[in-house]
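Please work through the following exercises with the sequence and the structure at hand. Each task is followed by a solution in steps.

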Amino acid sequence: MLTLKLIVFAGLVSIVAAGRWAQICDGNPLNSIRGCDKYGCGYYGAARNGRKHLAVDVKCQDGSGVYAPFSGLIVRRIKPFGNNNAIDDGILLREVKSGSCIKLAFIRPLRNRGWIRKGSKIGVMLPMQSVYPDIISHVRIQNCDYSNPTGNL
């Protein structure tokens with residue numbers, strides 16, 4: 001059975017097939033993408049300080065559980081900003097079946113490496129509001145090859 005997902009950005013409505021990944025964050029069973037706020041928009045390709053946002057921001061409340069989108073391997077920890085602020089943490093994951101990899105940013109991982117199962121808890125959303133007040137809190141998901149991950153959500 002094909003499941004469809006309604007996506008709305010800047011007044012435009014799209015209907016896309018729901019992806020193959022598991023729920024990423026507690027309270028967001030459809031892996032809804034962050035809309036627009038004073039800091040920008042969360043969809044792939046959104047303008048960001050004169051550049052394109054080459055990731056997708058999945059809504060996630062500060063302190064929420066974060067789950068493995070697929071079965072695979074936690075390769076290593078990442079520091080998305082490299083400035084050691086309160087949200088400068090995350091992990092790089094590699095999928096078993098395809099070998100593709102993603103970076104999940106703004107989470108405190110439960111561990112830094114090892115095998116994971118799709119849907120298992122892998123971390124906790126960091127306090128994004130303490131760094132960016134009034135932002136729509138989110139986990140950033142970026143494919144390692146910078147391609148668009150939206151179809152997997």
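**Exercise 1. The disulfides**

Which cysteine does a disulfide join to cysteine 25? Describe this disulfide and then the others in the structure.

*Solution.* The model examined here is a predicted one.

Step 1. Cysteine 25 is joined to cysteine 60, with an S to S distance of 1.9 Å. A pair of cysteine sulfur atoms counts as a disulfide within 2.5 Å, so this pair qualifies.

Step 2. The torsion about the S-S bond of cysteine 25 and cysteine 60 is about 70 degrees, and the disulfide is therefore right-handed.

Step 3. Cysteine 25 belongs to the loop between strand 2 (12–17) and strand 3, and cysteine 60 to the loop between strand 7 (56–59) and strand 8, so the pair ties together parts that are 35 residues apart in sequence.

Step 4. The structure holds three disulfides. Another one joins cysteine 36 to cysteine 41; its torsion is about 105 degrees, so this disulfide is right-handed. Cysteine 36 is partly exposed at 41% relative accessible area, whereas cysteine 41, at 15%, counts as buried.

Step 5. Cysteine 101 and cysteine 144 also form a disulfide, with their sulfur atoms 1.9 Å apart. Here the torsion is about -140 degrees, so the disulfide is left-handed. This pair links distant parts of the chain: cysteine 101 is in strand 11 and cysteine 144 in the segment after strand 15, 43 residues apart.

Step 6. When the bonded cysteines are numbered in sequence order, the pairing reads 1-4, 2-3, 5-6.

**Exercise 2. The aromatic pairs**

How many aromatic pairs are counted? Classify the pair of tyrosine 39 and tyrosine 132, and then that of phenylalanine 81 and phenylalanine 106.

*Solution.* 

Step 1. The count comes to three aromatic pairs. One of them consists of tyrosine 39 and tyrosine 132, with 5.2 Å from centre to centre and 70 degrees between the planes. Planes over 60 degrees apart count as edge-to-face, so this pair is edge-to-face.

Step 2. Tyrosine 39 lies in the loop between strand 3 (36–37) and strand 4 (40–41), and tyrosine 132 in the loop between helix 1 (128–131) and strand 15 (138–143), 93 residues apart. Tyrosine 39 is partly exposed at 31% relative accessible area, and tyrosine 132 is partly exposed at 27%.

Step 3. The ring centres of phenylalanine 81 and phenylalanine 106 are 5.5 Å apart and their planes stand at 25 degrees, so this pair is stacked.

Step 4. Is each phenylalanine buried or partly exposed? Phenylalanine 81, at 33% relative accessibility, is partly exposed, whereas phenylalanine 106, at 3%, is buried.

**Exercise 3. An open sheet**

In what order do the three strands of the open sheet stand?

*Solution.* 

Step 1. The order is 8-14-12, and the pairing is antiparallel. Strand 8 (65–67) and strand 12 (107–109) are the edge strands, each of which pairs on one side only.

Step 2. On average, neighbouring strands of this sheet are turned by 40 degrees against each other, direction ignored.

Step 3. Strand 12 pairs with strand 14 (residues 121–125) over three bridges. Proline 109 stands opposite glycine 123 in strand 14.

Definitions and conventions:
Residues numbered from 1 in each chain as written. Predicted model: local features only at pLDDT ≥ 70, side-chain atom pairs only at ≥ 80, totals over all residues. Heavy atoms only, no water. Pairing = 2+ DSSP bridges. Helix = DSSP H or I, 4+ residues; strand = E, 2+ residues; numbered from the N terminus. Axes fitted to C-alpha atoms, helices over the stretch in contact; angles between N-to-C directions. Phe/Tyr/Trp six-rings, centres within 6.5 Å; stacked < 30°, edge-to-face > 60°. Buried < 20%, exposed > 50% of the residue type's maximum accessible area, 1.4 Å probe, protein only.
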